[in-house]
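Please open the model in your viewer and keep the sequence panel beside it. The stops below say what to select next and what is there.

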Amino acid sequence: MGGGDDSPATNQKAVRGWLSQLARGSRFWIRSTIIAGTVAGVATIIQMILFARIVHLGVIDNVPIAELTPLFISLILALTVRALGQGFQARFAARCSEQVRRDARRQLHKQWQTLGPVELGQSSAGALAREWIDHVDALHGYFARFLPQMGLSLIVPFLILALVFWLDWLAGIFLLLSAPLIPLFMALVGMGAEKLNQQHFETISRLSGQFLDKVRGLTTLQLFGQTEGAAELIRMRSDYYRRITMKTLRIAFLSSAVLEFFASVAIAVIAIYIGFGLLGYITYGPSEDLTLFSGLLILLLAPEFFQPLRTLSQHYHDRAAAMGAGTELLERLNSPANPIDVAPTGSATGETDVIELDSVVKHFRSDQPVLYDVSLTIHKGQVIALTGPSGGGKSTLLHLLAGFLAPDEGSMHLFGNTPGSFQFGWLGQKGFLVQGTWADNLRLTTPDASDIAIETALRNVGLGSLLNNRTQGIYSPVSEDGQGLSGGQARRLSLARIFLADYDLILLDEPTAGLDSDSEVYVLEALHKLAVAGKTLIFSSHHQALLTLADRVLLVSGGEVRDA
Amino acid sequence: MRNLKPWLDLIFKRPGRLVIGGLLILATLLSGIALLAVSGWFITETALVGLLLAAGVAATINLYVPGGAIRFFAVSRTVFRYLERVYNHDTVLRLLTDIRVALFRRLSSASRARRGKLSGAQWLSRLTNDVDALDTLYLRLIAPTALAALVTVLVALVASVLFDLRTALLTGGVLVVALLVATVGVYLRTWRLAARQSDRQEELRTAVIEHIEGFPELTAAGRTGKHAAWLIRQAHQVTAAQTRTDSRIGWHLAGSHLLVNLSAVLSLWLGFVLFQAGIVSGPVLVLLPIALLGLAEVYAMLPDAFGKLGATIASSGRLNRDCREDAPHPQAAANELPAQTALIADNITVKHPDCPPLFSRFNLTVRSGERIGILGQSGSGKSSLADALVGLLPLCQGQRTRQNCVYLTQKTVLFEDTLRANLLLGSPEASDTELWSMLEQMELAERFATEPDQLDTWLGNAGSRLSGGEARRVALARVLLNPAPLVILDEPFTGLDAETRARITLRMQSILEGKTVISLAHGSDALPDTDRVLHLTG
């Protein structure tokens, strides 16, 4: 896929760029989160001011408690505002992540559409689903926690620092001295967290892999009577990985311990400085002006100064997770799409009752064309069979006709349209069904079909007998009692959709390959009916019965197409 | 909650570690609270003494004890925090091992039929996500909750000693409410959402996979956009439920935080009453509210953990359901085998659950030392027949009696492990010489002799990649090493070219000397030497 030769550094940069582009789309919620957090931070500062004020007035000035009531009420108000700020911060953060994830999923799906079915088929459905669901979900922590906290860990400590400087510049300097250290902490913590995260994920996934491997092969282990030995092996391996992981963790935790240490020491130094200052032992600097109010306030603010940073370091793994998921998502988003839309197919002209291919060339690698200079005219209502060796280009020709791939050269017109610009029937080798009723499955492609039409279509492909057994007819679930459809039945279900939709053009890729004899008969019959109904059918096949159904058999071989 | 019981039992099998880990967390929390509380006390004391000194009154203050205490707590908070993290992560990893091993043991006594009910992706999520939810149960939920309760009691005790019982009860009461808001309250308001989350996620995954599988058809019909819009709505519903959960957790956190702060305000108010009555001193008055403010940090972890509890219980429920041990299958009493007979299948019916029978009234008697071939087209059910003869597939009718057997399944199963470990499965006692000799016979000796790790070559994803034919021969070697008198081989030569197949067939004659062999294949050229051949007709 694309970007494979990029260095990791540029890759990281690209991922960061993509994440901030997503963030721009949810600016409103990120800002609201930061504002709510700032409100909570300011309310905290006010809370501490009031707290220190009350203590000072009560203890030093011996103000009677009744006179302190307004201050107490303000204090409770400040606490309430703080709680509201916190609550809204969590709410906005959740909303932000919600929106980001929706945007990311839209982007991904758009890319799927651009890539088209053929390109998309290169990746497993499970892997694509994992990207669309789990990788996108992995962005949650970054947008809900890390990103807002980045802003807050600048704003709130700055406000506190300003206040402390105003109260006592020497105490302010103590805090400020730790400020240049903070980027250093962050780097340390970051490196530690990143390593920790990597190590953790690697270990977990390696362990899960081995564990899953043993579970998958459990039958084999049972056959050899070795399950107990395997259990012991799992224990030993797990234990081995634990010891390795702990070695890294011991180092990784050190970096956050450094942050913790500086926070604790700063509090201790400030407490002792203020104590000595209040005693009058310090004869220089601003300490003469210290009061219980200013001293206590500085002490109460000191932990709040470090708190946003500690929170940020706790959320650091969210960033690592988002970067990891982002790398894979971006790779998908940047994978070179075959430009289906801008294919040089020319304008939609040509006659409306023929399919015309004019000197069409398609290659996947530059040196070897799969199809070379193919010119072809197919009349409306014809039944065309494509035959030839596997790898000869039959599927590619069908994909070109379907518009799933764009030709490199030449032009194609299908009944006066460009490929893929109109609705047609497609039957792949794998049938496609969704969980739901028969009706749901058929209305996927023809939403306004009547019940009778649906039932007729199902009977046309020989699924009538299955339907008869179900109590609710077409409104009964396709897979009942955990009993799914066989491969052949699933393909017939897809064929029923084609019957229902009444398309002019129907493309089928090996419609009878790998079918049980029952299904084969039904598919042949159904195709015959479609042919009689005047549809244009183009299919690839080696199947003799199908070839005799065709009006014209084309041999696709070595990049050329000619009548067989 | 009952779902958690087996896992909690497992976790509490390590009481020593849990208690030490808990004590380390407690020491961390108390150091943090004490650092602030003593500092507050110290500042107030110095302020009062400072005023006296300024007024010319001779006052003394002991600077060493509080100064030392402040320095001690600053260092102890860091040290205990570090020790606690290291120690408890070690515990979590040990618990993970315990859970995995327990789960594996349970699974290995479950029937294959039930194991097969889940898809690979579902197993992956069971064994990773669901297990992950359990291994952090102690560190995220049990320990913090227990310690928060303990610290709350300790603070209330301190309040009753320093202040009076009334203050202790009132602030303690507020704290209990805060604790409930942060724990039970969160759980009650989120468990429904959290429990359904995983099911919804799995439904969504199914829908996405269906969408991708139907992509060509949907594209042809011009419906990808419409169907995608529906999918995005589904995904959004899942996210929205998560958003609701997160918001609720956030509000509960804010609420419990508010209550903790209110308890500090309350203690300050009550303290002033006592202070002005001359019962407590100024410095002591400051100590308690500051300690209470510090309690917020102790509660901060709880709402998030309890917000996930619903999902954790659902996870353990799924694990209990899917990994439950089966009652041993009621095997028909093992009949005595007549002499010189290796296997008797008497009137057996082979069928998969919920499917029509593949064979009914199937009879087969195999004499000792006989070599039987069974031929059938793919899809004729010969692998199911082999499974039934071995006993992997329970019979729904008839009786089967056989000697000890070893079975080469149609699917080649090798483990991500060394070559040696893979081979030793067949014969745990085999010497290296025996292994090499068997590899020689399978024409694999050269292949592995050139590998740097020889018998310790790592197979599977992380190690050297074997071709299909090589993997098949390793699996065959493993079966041939086994001493069981009856050997059942299902498509033994998959992926082998005709010449290799012929040479190995020849060697197998002597390796299998004296054993009874039943081989199954789709065509006679894929069978080793046989005395007689049965044809299965579908």
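What share of the contacts in chain A with a separation of 6 or more is accounted for by residues 24 or more positions apart? Such residues account for 77% of those contacts, a contact being heavy atoms within 4.5 Å. This is a predicted model, in which local features need pLDDT of at least 70 and side-chain atom pairs count only at pLDDT 80 or more, while totals for chains, interfaces and linings use all residues. Residues are numbered from 1 along each chain as its sequence is written, chains are lettered from A and ligands numbered from 1 in the order in which they are written, and side-chain values use heavy atoms, with hydrogens and water left out.

Stay with chain A and colour by pLDDT, the predictor's confidence in each residue, from 0 to 100. Chain A averages 82, and 88% of its residues score at least 70. Confidence in chain A is highest in helix H2 (residues 27-60), at a mean of 93, and lowest in helix H6 (residues 169-216), at 70; helices (H or I, at least four residues) and strands (E, at least two) are DSSP runs, numbered from the N terminus. Select residues 1-6 of chain A, where the pLDDT is below 50 and the stretch has eight contacts beyond near neighbours in sequence. Where pLDDT is low, the predicted coordinates should not be read in detail.

Next, select helices H13 (residues 451-460) and H15 (residues 487-501) of chain A, whose axes come within 8 Å and cross at roughly 130°. Axes are lines fitted to C-alpha atoms, for helices over the stretch in contact, and angles run from 0 to 180 degrees between N-to-C directions. The residues in contact include A:Ile454 and A:Leu458 of H13(A), and A:Leu493 and A:Phe499 of H15(A).

Finally, move to chain B, with 18 helices and eight strands, where buried residues make up 54% of the 538 residues. Select helices H6 (residues 137-162) and H7 (residues 165-213) of chain B, whose axes come within 8 Å and cross at roughly 165°. H6(B) and H7(B) are therefore roughly antiparallel to each other, a description given to angles over 145 degrees. Among the residues that meet are B:Ala149 and B:Thr152 in H6(B), and B:Leu175 and B:Leu179 in H7(B).

Terms used
Parallel < 35°, antiparallel > 145°, perpendicular 65-115°, else oblique. Buried < 20%, exposed > 50% of the residue type's maximum accessible area, 1.4 Å probe, protein only.
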